[in-house]
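Reader: I am new to protein structures. Could you walk me through this one, step by step?

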Amino acid sequence: MTETEPGRDPIAEDERIKSLSERLERAEAVEKVRTGADQEVGGDKNYRLGNRVLAELIGGLVGGALIGWVLDRFIGTSPWLLLVFLFLGIIVAFRNIWKISMKRPEK
């Protein structure tokens, strides 16, 4: 057959293929419900945000206390640098938490 000769008309879509596609879509929807893939991820996002806030708070406290304690050991100013850096760590932690809370939510 050459390019100039007319070819055969394309075959119309088979009903069996349509029904198979519909059954596959229904099976995929049932599987999504069964595995929980259709649920919103908003809870997971909020969980991560809460963990981040907690990490900022603990990190500021522990980081400030550790830096103050180490400097106290080297310089010999017993509790004073520990207290100063502990309060600085608390201030930085609250400032970071404030910045997290002031972000606009994504749509």
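Author: Here are some questions and answers about this model.

Author: This is a predicted model, in which local features need pLDDT of at least 70 and side-chain atom pairs count only at pLDDT 80 or more, while totals for chains, interfaces and linings use all residues. Residues are numbered from 1 along each chain as its sequence is written, and side-chain values use heavy atoms, with hydrogens and water left out.

Reader: What pattern does the protein follow along the sequence?

Author: Helices (H or I, at least four residues) and strands (E, at least two) are DSSP runs, numbered from the N terminus. The protein has three helices and zero strands. Read along the sequence, the pattern is α-α-α.

Reader: How far apart are the end C-alpha atoms of helix α1?

Author: Helix α1 covers residues 15-35, which is 21 residues. The expected span is 1.5 Å times one less than the number of residues, so helix α1 should span 30 Å. The model agrees, with the end C-alpha atoms at a separation of 30 Å.

Reader: Which residue just after α1 takes a positive phi?

Author: The place to look is just after α1, where phi is about 80 degrees. The residue with this positive phi is glycine 36.

Reader: What share of the residues in the protein is buried?

Author: Buried means under 20% relative accessible area, exposed means over 50%, and partly exposed lies in between (1.4 Å probe, protein chains only). The protein has 107 residues. Of these, the buried share is 8%.

Reader: How many salt bridges are there?

Author: Side chains of opposite charge can pair when their charged atoms come close. A salt bridge here is a side-chain nitrogen of Lys or Arg within 4 Å of a carboxyl oxygen of Asp or Glu. By this rule the count is three.

Reader: With which residue does glutamate 15 form a salt bridge?

Author: Glutamate 15 is exposed, because its relative accessible area is 54%. The closest N and O atoms are 4.0 Å apart, and the partner is lysine 18.

Reader: How far apart are N and O in the salt bridge of arginine 34 and glutamate 31?

Author: Both residues lie in helix α1, three residues apart, about one turn of the helix. Arginine 34 is exposed at 62% relative accessible area, whereas glutamate 31 is partly exposed at 36%. Their side chains meet with an N to O distance of 2.6 Å.

Reader: Which residue forms a salt bridge with arginine 48?

Author: An α-helix has 3.6 residues a turn, so residues three or four places apart point the same way. The closest N and O atoms are 3.7 Å apart, and the partner is aspartate 44.

Reader: Is alanine 65 buried or partly exposed?

Author: Alanine 65 is in helix α2. In space, alanine 65 and leucine 86 are 4.7 Å apart, C-alpha to C-alpha, although they are 21 residues apart in sequence. The relative accessibility of alanine 65 is 23%, so the residue counts as partly exposed.

Reader: What accessible area do Leu66, Trp69, Val70, Phe74 and Ile75 have together?

Author: These residues form a nonpolar patch on the surface. Patches are made of residues with over 30% relative accessible area and no salt bridge, with like charges joined within 9 Å and nonpolar side chains (Val, Leu, Ile, Met, Phe, Trp, Tyr) within 5 Å. Valine 70, for one, is found in helix α2 (residues 42-75) and has a relative accessible area of 31%. By the Shrake-Rupley method with a 1.4 Å probe, where only the protein chains shown count as cover for residues, the area together is about 570 Å².
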